[in-house]
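This report covers helix packing, the ligand site and some backbone details. Please keep the sequence and the model in view while reading.

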Amino acid sequence: MLLQLKTCVVRSWETSDVESLTRYANNHKIWLNLRDAFPHPYTRQHAREFIRATRQRTPETTFAIAANDEAIGSIGYVLHPDVERVSAEIGYWLAEPFWGRGITTEALRAVTEHAIASHGFTRVYALPFSWNTASCRVLEKAGYVLEARLRRSAIKNGAVTDQMQYAFIAPE
Ligand SMILES: CC(C)(COP(=O)(O)OP(=O)(O)OC[C@H]1O[C@@H](n2cnc3c(N)ncnc32)[C@H](O)[C@@H]1OP(=O)(O)O)[C@@H](O)C(=O)NCCC(=O)NCCS
């Protein structure tokens with residue numbers, strides 16, 4: 001998979017991305033905004049396992065965000081079974097040196113469109129923690145709409161928090 005965008009490329013994860021993935025993912029500020037399944041500290045072994053698992057999965061649902069031939073982030077969606085098979089949850093992170101350049105917004109727009117076209121989803125949604133104003137802004141810029149505030153629905157870093165439910169509804 002390869003999406004050539006203005007600010008970045010969204011592409012399949014490559015085995016050679018281990019070094020850049022380890023360097024950029026090993027960041028407490030990133031971990032603080034993701035599920036606990038995302039490890040911290042983030043080691044080369046975590047990077048190797050993540051890339052192997054991602055490359056083995058069919059269909060491919062998790063992609064590298066790359067710039068200057070280097071992986072600088074990740075974006076992917078989770079497929080749901082049974083009656084919720086028409087919807088998917090999307091998640092993403094970007095390496096801190098590249099924040100604030102519109103890269104994630106562009107990648108999110110493109111991957112949302114790609115996911116809808118590939119799987120026929122009616123809905124793609126995300127659940128940022130309520131403190132994550134940057135991610136809420138990214139979702140709004142990419143056309144997602146705030147549907148709900150899920151009060152006290154998660155615990156991160158020892159703190160119970162609300163999650164903001166944003167959704168992109170595919171045109172009928
Ligand atoms: C959230 C994240 C992906 C944003 O990536 P990015 O490439 O910097 O995003 P963009 O540059 O496309 O847009 C960021 C927007 O948030 C705004 N923003 C950034 N920090 C902010 C803050 N503290 N308060 C309010 N707005 C903020 C920026 O000004 C920008 O909006 P603008 O274009 O209207 O000025 C990145 O910060 C990150 O990886 N964070 C850690 C992991 C994470 O939160 N993942 C999402 C989990 S739901």
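## Basis and numbering

Helices (H or I, at least four residues) and strands (E, at least two) are DSSP runs, numbered from the N terminus. The model is predicted, so local features need pLDDT of at least 70, side-chain atom pairs count only at pLDDT 80 or more, and totals for chains, interfaces and linings use all residues. Residues are numbered from 1 along each chain as its sequence is written, and side-chain values use heavy atoms, with hydrogens and water left out.

## Backbone details

Most residues other than glycine have a negative phi, and most peptide bonds are trans. Two prolines follow cis bonds here. H40 and P41 are joined by a cis peptide bond with omega of about -5°. P41 sits in the loop between helix 2 (28–31) and helix 3. The bond from T58 to P59 is also cis, with omega near -5°. P59 belongs to the loop between helix 3 and strand 3 (62–67).

N68 is not a glycine, yet has a positive phi, near 50°. Look for N68 in the loop between strand 3 and strand 4 (70–79).

## Helix 1 against helix 3

Two packed helices are described by the angle between their axes and the distance between the axes. Axes are lines fitted to C-alpha atoms, for helices over the stretch in contact, and angles run from 0 to 180 degrees between N-to-C directions. Helix 1 (residues 18–25) packs on helix 3 (residues 44–56) at about 120°, with the axes 9 Å apart. The two are therefore oblique to each other (under 35 degrees is roughly parallel, over 145 roughly antiparallel, 65 to 115 roughly perpendicular, the rest oblique). Their crossing is right-handed (the near helix is turned clockwise from the far one by less than a right angle).

Helix 1 makes the contact (heavy atoms within 4.5 Å) through V18, E19, L21 and T22, and helix 3 through R44, A47, R48, F50 and I51. Five of these residues are nonpolar, one is polar and three are charged. Ala, Val, Leu, Ile, Met, Phe, Trp, Tyr, Cys and Pro count as nonpolar, Asp, Glu, Lys and Arg as charged, and the others, Gly among them, as polar.

## Helix 4 against helix 5

Helix 4 (residues 103–119) and helix 5 (residues 133–141) cross at roughly 50°, and their axes come within 9 Å. That makes helix 4 oblique to helix 5. This crossing is right-handed. T104, T105, L108 and R109 of helix 4 meet V138, L139 and K141 of helix 5. By class, three residues are nonpolar, two polar and two charged.

## Ligand site

Around the ligand are 21 residues (a heavy atom within 4 Å). G100, T105, N132, R137 and K141 come nearest.

A polar side-chain atom of R137 is 2.7 Å from a ligand oxygen. A polar backbone atom of G102 lies 2.8 Å from an oxygen atom of the ligand. For T133, an N or O atom in the side chain is 3.0 Å from a ligand nitrogen.

Key
Polar contact = N/O pair within 3.5 Å; in protein donor to acceptor, adjacent residues only side chain to side chain.
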